[in-house]
Amino acid sequence: IAMEINDANLQSLTEVLRKTLDPDPTVRRPAEKFLESVEGNQNYPILLLTLLEKSQDNVIRVCAAVTFKNYIKRNWRIVEDEPNKISEADRSAIKANIVNLMLSSPEQIQKQLSDAISIIGREDFPQKWPDLLREMVNRFQSRDFNIINGVLRTAHSLFKRYRHEFKSNELWMEIKLVLDTFAQPLTELFKATIELCQTHSTNVSALKILFSSLTLISKLFYSLNFQDLPEFFEDNMATWMTNFHNLLTLDNKLLQTDDEEEAGLLELLKSQICDNAALYAQKYDEEFQPYLPQFVTAIWNLLVTTGQEVKYDLLVSNAIQFLASVCERPHYKHLFEDQNTLTSICEKVIIPNMEFRSADEEAFEDNSEEYIRRDLEGSDIDTRRRAACDLVRGLCKFFEGSVTGIFSGYVNSMLAEYAKNPSANWKHKDAAIYLVTSLASKAQTQKHGITQANELVNLTEFFVNHILTDLKSPNLNEFPVLKADAIKYVMIFRSQLPKEQLLQAVPLLVAHLQAESIVQHTYTAHALERLFTMRGSNNSTLLSPAEIVPFTEQLLNNLFKALALPGSSENEYIMKGVVNLLN
């Protein structure tokens, strides 16, 4: 059924959309049902687009944009043997108008339409939408950066899938087509934007828009270079890398923010440039070699001058990841060989970024789920600690002896500081445990924990002298972070520690299930579950059933009690422990 595009239909669609925003479900649900019932009608999406373009009511415009995007998400893909949910006439009309509409809309609506273009592009570009790129590139000439940023945002959401698609002929043909149309205009835009930043260096509102453009351009550079080094970018490497390097060293006071949490435009741009440099250092090291030393220097300077505030976390972790990717390549080994360089990296980059900050402490206490996801499940990809840990591992590839020697001194002095005044200096011990873990861990699997360790680190001695004391502490709720560290140490080094030490740890861990801290009792449940279910190379469990029997009753009791602790009534780690034990 075709719905006519007339004032009456636009008016009734406006009323229905307004009702979908009503907090009263008896008003809202019938309106949502009505929209679902007319989704298959011809002209329905065109009515939505007309409304978001022409309505006088901004709320209705945004609502129409969101409804349209969700409609595209549900219906655009043509599934074999299923009816085509959008008529060909509507598909053509949408593709003919959407780019124009997106670029002439305010940012809130622009974002929704940009997402819709990406969804359509995923299915139709390039074969069924050959004009899309040309139409977008033509807008670069507009000199209006609100329009240009709309194009760049859309291009970013279209091209970012190149970062994780498997190599294929079809994919490379598509990227080649994009490069032929897009690479040259993007490079010209990059140069022009940098010139405009100099022209408007004292105009803060212009700079904000221009720096948003530079960040998007840098993201596009990453996507277009990810699969392979395109000939165009190889030929124009000097333009890109010289400008990237200049932007890394730039410090515009007008763009600095007072916010300690939220990354500003300068930080976002520099973070992306660090990613771009790391991509080239890892994948195209031969071609990138002439530029590498200046990037190492610039990124090093960035690291030693950037503060500890949360807003710099992404920048610092990307900068450290760059050094980590460089130091483990044989090509660049000579840059790190000098003992003074290694000492400097350890002292000025690794140690400061392993510190447990007040933001980490807040997460540990008030956002335990997120903390556990980052620390235990490895979603900490953008944290300073994780990056510092990766850098330690990277340096150990060629300089294990030197690095272990340098850090041993730090570990000892941190532990000595802690011993002087535990309640004031407990964070020193936390950093020492983290450092030992980073140093010792060479290879790790989910099933077995650390499977290959640095032989220069005596894990057993460290366990006896520094881990056991926290596990044995009579006050379960004192220093919960250190307790969680100790529990995690047993869990990750379970394949490396002698059996008698594991047996010594088990009853202590069972007691820790009663700790008030959610992180602490969750880590305990996870550690025990790993200890009792992990099988060695001969398929026998780490601890035999006979060795576990003495603890089983108390363990089950404590697991059930832990489920009653505040915040853990649905704790998946505890539940998993119960299920595995009962099996």
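This is a predicted model: local features need pLDDT of at least 70, side-chain atom pairs count only at pLDDT 80 or more; totals for chains, interfaces and linings use all residues.

Biologist: Against which helices do the buried residues of H3 pack?

Modeller: Helices are DSSP runs of H or I with at least four residues, strands are runs of E with at least two, and both are numbered from the N terminus. Contact means heavy atoms within 4.5 Å. Buried means under 20% relative accessible area, exposed over 50%, and partly exposed in between, with a 1.4 Å probe and protein chains only. Here the buried residues of H3 pack against helix H1 (7–20), helix H2 (25–38), helix H4 (58–75), helix H5 (88–103) and helix H6 (107–124). Those buried residues are Tyr44, Pro45, Ile46, Leu47, Leu48, Leu49, Thr50, Leu51 and Leu52. Because nine of the eleven residues of H3 (residues 44–54) are buried, the helix is largely enclosed by the rest of the structure.

Biologist: Which residues does UniProt list for "domain: Importin N-terminal"?

Modeller: UniProt positions are given in the numbering used here, feature names are shortened, and annotations may be inferred rather than shown by experiment. The unreviewed UniProt entry lists residues 31–104 under that name. This span is 72% helix and 0% strand, and its end C-alpha atoms lie 29 Å apart.

Biologist: Which residues touch the most other members of the largest nonpolar core?

Modeller: A nonpolar core is a set of buried Ala, Val, Leu, Ile, Met, Phe, Trp, Tyr and Cys residues joined through side-chain atoms within 4.5 Å. The largest one has 199 residues, and Phe182, Phe322 and Leu471 touch the most other members. Helix H20 (residues 384–420) gives the most to this core, with 15 residues. Leaving aside residues up to four places away in sequence, Phe322 touches residues including Cys274, Leu292, Phe295 and Ile299.

Biologist: How many aromatic pairs does the whole structure hold?

Modeller: Rings of Phe, Tyr and Trp (its six-membered ring) pair if their centres lie within 6.5 Å; planes under 30 degrees apart count as stacked, over 60 as edge-to-face and the rest as tilted. The search finds 24 such pairs. One aromatic cluster includes Phe190, Trp240, Tyr280 and Phe295.

Biologist: How many salt bridges does the structure hold?

Modeller: A salt bridge is a side-chain nitrogen of Lys or Arg within 4 Å of a carboxyl oxygen of Asp or Glu. The structure holds 26. In one of them, the side chains of Arg384 and Asp313 meet at 2.6 Å, N to O. This pair links distant parts of the chain, 71 residues apart, with Arg384 in helix H20 and Asp313 in helix H16 (residues 313–327).

Biologist: Is Arg384 buried or exposed?

Modeller: Arg384 is buried, with a relative accessible area of 4%. Asp313 also counts as buried, at 15% relative accessibility.

Note on methods: Residues are numbered from 1 along each chain as its sequence is written. Side-chain values use heavy atoms; hydrogens and water are left out.
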